[in-house]
Amino acid sequence: MRQVFQGIGASRGSALGRARVRLAHALVIAEEHIAASAVEAELERLHAAISKVRTDMHALRDRLHGALAHEVGEFLDLHTLLLDDPELLHGLDALIRTGRYSADYALRLQRDRIAGVFQAMDDPYFRSRLDDIDQVIGRIHAALHRHDAGLQGVAGEILVTDSIAPAELVQYQAQGVIAIVTAGGSTLSHSAILARSLHLPLVVDAAQALQRINDGDALIVDGGSGLVVLEPGPSDLRAHRERGRGHVRERRALNRLRSEPTRTLDGTDIQLYANAESREDVAEAHALGASGVGLYRTEFLFLQRFELPDEDEQFRIYRDVVLGMSGRPVTIRTLDLGADKADRTGLALRDEPNPALGLRGVRLSLSRRDLLETQLRALLRASGYGPVRVLVPMVTTREEVRTVRELLKQVARDLRSQGHEIAEHVPLGAMIEVPAAAIALSDFIGSVDFLSIGTNDLVQYLLAADRNNEALGDLYTPLHPAVLRVLRYVMLLARKHDKPIAVCGEMAGDPLFAPLLLALGLTEFSLHPGTLLEVRRRIRECDLAGLRQRAPELLRARDRAGIEAWLADCACLPG
Ligand code: PEP
Ligand code: MG
């Protein structure tokens, strides 16, 4: 029967397909016994499922190429190893043979047993391996029930799940999933950012959908409006097709702006930099005429990994980004692991009581100087191939910036003495995303060459509202007077000290906010290439002088409604 669920659209695009339901961490299987005479057949069923998963994984490994092979390959290798693990397999056989459990229930018991052992370990690395065990067991379970189960089986399907980690998202996309619906999540999570980067439709905060949808149900997912339609009717199909056509028309109109300047109505050029997470992003940024890369999040290189990438590997990746932008500046951010970006190497602590306030960003890098030094060496070596800027995340104190600056100098000296060709000057910038750094900026602005405001975190820390917590509803928003005042202050100070300043949070990529940011004084936006043309179009409709005149009025707004009224009323549209 047709049902409609309203979630929140987190990554645009409309998809029509069959549902694949996955509960991330719970195999909900009732206890089930089998007769002695059924034991051999049950073992055979289990082994057939395991070999199906193995074959599917090999086939997927062979199909991957380019960056995905690199990123996802390690996952698959580890999962293949787990499938061959005698501990896992013999345990399962014994449960079926001796315990006379069904293969399904044996899987669940085995999973819980291994989970118990892993959870008792102190080492966060081993505890993080539990996710992999869950995934492997989940795959065997799926293969027990579907002829086309396993990794290849999800191609063309819509994943409906409780939550999704950034690393899994890349993997599912590689496997051909066409859209994702999650019960929890938020539009500002790193998974959502990644989904937009991968052009994968995503609807978050659709808990009801997870309760009602079953494997194989037909679904339409609209990542723009957040609507999920179960067993769609003729009018839904028509609307889906119309959205598809509308999307094509919109792309055509936007594509006409590819080689146009980002110039306001009254003739000021605004710089649009790209937030790039992959080689594809870099290529798109280049093709759309981005002024450079304003944010390259290096932690995405680490998320998939079981071992840390060494200096040479990092160097090659950074160099490729630099070469990909052919002479336009590339801003590479040092590692920002931690909080919701937990890696698989165990580097980011898993069990911090309050991870968003914990050892993340530059704090983690400074606690592991060896890693920071390796990363800076790789970054500086890449600077021999084109302009590179180094950006430091989660800056809270002046000392942090100074320490990184010192290390950067020392690394540059070492590299030169070792005969490397590196740029004469590599600008060092700070992310302004911790309120203390914004408020005390005048104390350290002299120590940086440029600034980038991370509104995703700045909003979360200013408003004490978790960017990943959907329960907070509308509380998490940049449309709060405190946020606007801090933005204004930081931009004025940067201008006074003649320091380039950009906004690189998701706010910069939303055309709705462009007039507001222009009014506050911004001239550099850093945003995902997927929305670059829309923001360019919006800026080209704006009268900058008129907006700036209306900034005091904006800053007098006392609540969200006042700011929204200003936005609705702002005199930036012609006529
Ligand atoms: C931000 O906080 O706005 C930002 C750009 O960094 P991230 O989203 O990676 O935390
Ligand atoms: Mg941030």
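This is a predicted model: local features need pLDDT of at least 70, side-chain atom pairs count only at pLDDT 80 or more; totals for chains, interfaces and linings use all residues.
Eight strands make up an open sheet of mixed pairing, arranged in the order E1-E8-E7-E3-E4-E5-E6-E2. The edge positions are taken by strand E1 (3–6) and strand E2 (8–11), each of which has a single partner strand, so that one side of each is left without a neighbour in the sheet. On average, and with direction ignored, neighbouring strands of this sheet are turned by 30° against each other. Within the sheet, strand E7 (residues 218–222) and strand E8 (residues 227–230) run antiparallel and are joined by four bridges, with Leu-219 standing opposite Leu-230 in E8. Helix H8 (residues 190–197) packs on the sheet, where it touches E2 and strand E6 (202–204), and the direction of the helix makes about 60° with that of E2.

In one of them, the ring centres of Tyr-296 and Tyr-318 lie 6.5 Å apart and the ring planes meet at 85°, so the pair is classed as edge-to-face, the planes being over 60 degrees apart. This pair links distant parts of the chain, since Tyr-296 belongs to strand E10 (residues 293–297) and Tyr-318 to helix H13 (residues 311–324), 22 residues apart; both tyrosines are buried.

Helix H13 also holds Gln-314, which is buried with a relative accessible area of 2%. Beyond its neighbours within four places in sequence, Gln-314 is in contact with Phe-302, Pro-309, Thr-374, Gln-375 and Ala-378. Charged groups are likewise found over aromatic rings: the charged end of Arg-381 sits over the ring of Phe-315, 4.2 Å from its centre, while Arg-389 lies over the face of Phe-450, at 3.8 Å from the ring centre.

Conventions
Residues are numbered from 1 along each chain as its sequence is written. Chains are lettered from A and ligands numbered from 1 in the order in which they are written. Side-chain values use heavy atoms; hydrogens and water are left out. Rings of Phe, Tyr and Trp (its six-membered ring) pair if their centres lie within 6.5 Å; planes under 30 degrees apart count as stacked, over 60 as edge-to-face and the rest as tilted. Helices (H or I, at least four residues) and strands (E, at least two) are DSSP runs, numbered from the N terminus. Buried means under 20% relative accessible area, exposed over 50%, partly exposed in between (1.4 Å probe, protein chains only). A charge sits over a ring if NZ of Lys or CZ of Arg is within 6 Å of the ring centre and within 35 degrees of the ring normal. Contact means heavy atoms within 4.5 Å. Two strands pair if DSSP finds at least two bridges between them. Axes are lines fitted to C-alpha atoms, for helices over the stretch in contact, and angles run from 0 to 180 degrees between N-to-C directions.
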